[in-house]
Amino acid sequence: MLPSALLDRMAAECAPQLTATGAADSERTAKEISLAPHICAKKLKALMDHAAQHPEELSRVVAVQKKVDEAKAVMVDNISRVLDRGEKLSVIVERTEELDEQASRFQRTSNVLRRRLCCANVKLYIIVGMALTLLAVVIFLLVCFSGGNCLK
């Protein structure tokens, strides 16, 4: 497609110059016909250089292929981003599950610790209560047996 498009453009640009060198094809001399290729040589070189650098300007197929390649590159980039995002989401899900497990473990441990502290507080209250009762009994016995009149 590109070579035929290049030839079409070259014919369109060089045809006026080639026909301008002579009046009609039958009247053209051999010298004019042999000089005709030299007339467009610079234009042909410029067209070929331009075609090599910008092929999408000459051929619709090349232009469409270039657009398809660009779209393909964008899609590959988007797919890689989606895959990266999926990996990140799976990491977040794993971390969330770990945090949920740690939270339930923390709750169980804190409940056990709260029960132990509650039992320790109850034991402390019982010990303090028994100590106060024992102190009251000792004071009562001291008052009663030290010559005081406690049962009268």
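Is R81 buried or exposed? R81 counts as exposed, because its relative accessibility is 56% and the cut-off for exposed is over 50%. This is a predicted model. Its charged side chains form two salt bridges. A negative surface patch is present too.

**Salt bridge R81–D77**
- R81 pairs with D77 in a salt bridge.
- Their closest N and O atoms are 3.4 Å apart.
- Both residues sit in helix α4. They are four residues apart, about one turn of the helix.

**Salt bridge R105–E101**
- R105 forms a salt bridge with E101.
- Here the closest N and O atoms are 3.1 Å apart.
- R105 and E101 also belong to helix α4. The spacing is four residues, about one turn of the helix.
- R105 has 40% relative accessibility, so R105 counts as partly exposed.
- E101 has a relative accessible area of 49%, so E101 is partly exposed.

**Negative surface patch**
- E94, E97, E98 and D100 form a negative surface patch.
- One of these residues, E98, is placed in helix α4, which covers residues 60–145.
- E98 has a relative accessible area of 48%, so E98 is partly exposed.

Note on methods
Residues numbered from 1 in each chain as written. Predicted model: local features only at pLDDT ≥ 70, side-chain atom pairs only at ≥ 80, totals over all residues. Heavy atoms only, no water. Patch = residues over 30% accessible without salt bridge, like charges linked within 9 Å, V, L, I, M, F, W, Y side chains within 5 Å. Areas by Shrake-Rupley, 256 points an atom, 1.4 Å probe, with all protein chains shown as cover. Salt bridge = Lys/Arg side-chain N within 4 Å of Asp/Glu carboxyl O. Lys, Arg positive; Asp, Glu negative; His and termini not counted. Charge placed at Lys NZ, Arg CZ, Asp CG, Glu CD. Helix = DSSP H or I, 4+ residues; strand = E, 2+ residues; numbered from the N terminus. Buried < 20%, exposed > 50% of the residue type's maximum accessible area, 1.4 Å probe, protein only.
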